[in-house]
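Please open the structure in your viewer and keep the selection tool at hand. The tour below goes from stop to stop, saying what to select and what is there.

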Amino acid sequence: MKEKKFQFSYKEVPDSKDLSDEDAALLQQARKATKKSYAPYSKFNVACAAKLANGRTVIGTNQENASYPVGICAERALLATVGTQYADEPIATLAVSYHSLNGKNDQPISPCGMCRQALSEYEKRSGNPIRLLLSGMEGPVYIINTVKDLLPLAFSEEHLG
Ligand SMILES: O=c1ccn([C@H]2C[C@H](O)[C@@H](CO)O2)c(=O)[nH]1
Ligand SMILES: [Zn+2]
């Protein structure tokens, strides 16, 4: 039997003011876009902002539904736009933030499992790592180098044979 290990390291920046100007601006766009979220059921307003390799910025927000499973996360809403309008264009950096009416907004969240799978496929398809900036409306920012780090042993089209 062989012991295998998965390890990853990421950065924690104490506050968004410690980011580069470009990263701080992208995170600010994500924070601002939480106002566009439609989340009357969870009251958990998530938004993300992607800086594409071509310089464009795209935003996405969660859009909920009275039939709960119909709702879509901010990350996959964003990917639908990127995939449609800028197919295969690499996402250089994706900032994710949220504003919750249920509690504090000062800790980072990270994409759910379904979004990790979707982001993983977009990363592969575009051929470039997606850097992630994760943060609430204030507080620390996590910087993650690639979606691969968030989804070890990812399922992909290769497994379909
Ligand atoms: O990374 C995340 C985590 C949660 N949500 C959404 C799904 C649901 O609408 C609400 C509460 O889970 O937040 C996102 O959009 N992205
Ligand atoms: Zn999700």
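**Around the ligand**

Select ligand 1 first, and you will find 14 residues surrounding it, the closest being Ser 42, Val 46, Asn 62, Cys 73 and Ala 74; a residue is near a molecule or strand if its C-beta atom, placed from the backbone, lies within 6 Å of it. S2 and H2 are the elements that give two or more residues to this shell, where helices (H or I, at least four residues) and strands (E, at least two) are DSSP runs numbered from the N terminus. By class, the shell holds 9 nonpolar, 3 polar and 2 charged residues, with Ala, Val, Leu, Ile, Met, Phe, Trp, Tyr, Cys and Pro counted as nonpolar, Asp, Glu, Lys and Arg as charged, and the others, Gly among them, as polar.

This is a predicted model, in which local features need pLDDT of at least 70 and side-chain atom pairs count only at pLDDT 80 or more, while totals for chains, interfaces and linings use all residues. Residues are numbered from 1 along each chain as its sequence is written, and chains are lettered from A and ligands numbered from 1 in the order in which they are written.

**The sheet**

Next, colour the strands: 6 of them form an open sheet with mixed pairing, in the order S1-S6-S5-S4-S2-S3, and two strands pair if DSSP finds at least two bridges between them. Strand S1 (11-13) and strand S3 (57-61) stand at the edges with a single partner strand each, so one side of each is left without a neighbour in the sheet.

Now select S2 and S3, which run antiparallel and are joined by 5 bridges; in S3, Thr 61 is the bridge partner of Ala 47. The two strands form a hairpin with 4 residues between them, and Gly 55 in the turn has a positive phi of about 95°.

**Two helices**

Finally, show helix H2 (residues 74-85) and helix H3 (residues 113-126), which pack at an angle of about 25° with their axes 9 Å apart; axes are lines fitted to C-alpha atoms, for helices over the stretch in contact, and angles run from 0 to 180 degrees between N-to-C directions. H2 and H3 are therefore roughly parallel to each other, since angles under 35 degrees count as roughly parallel, over 145 as roughly antiparallel, 65 to 115 as roughly perpendicular and the rest as oblique.
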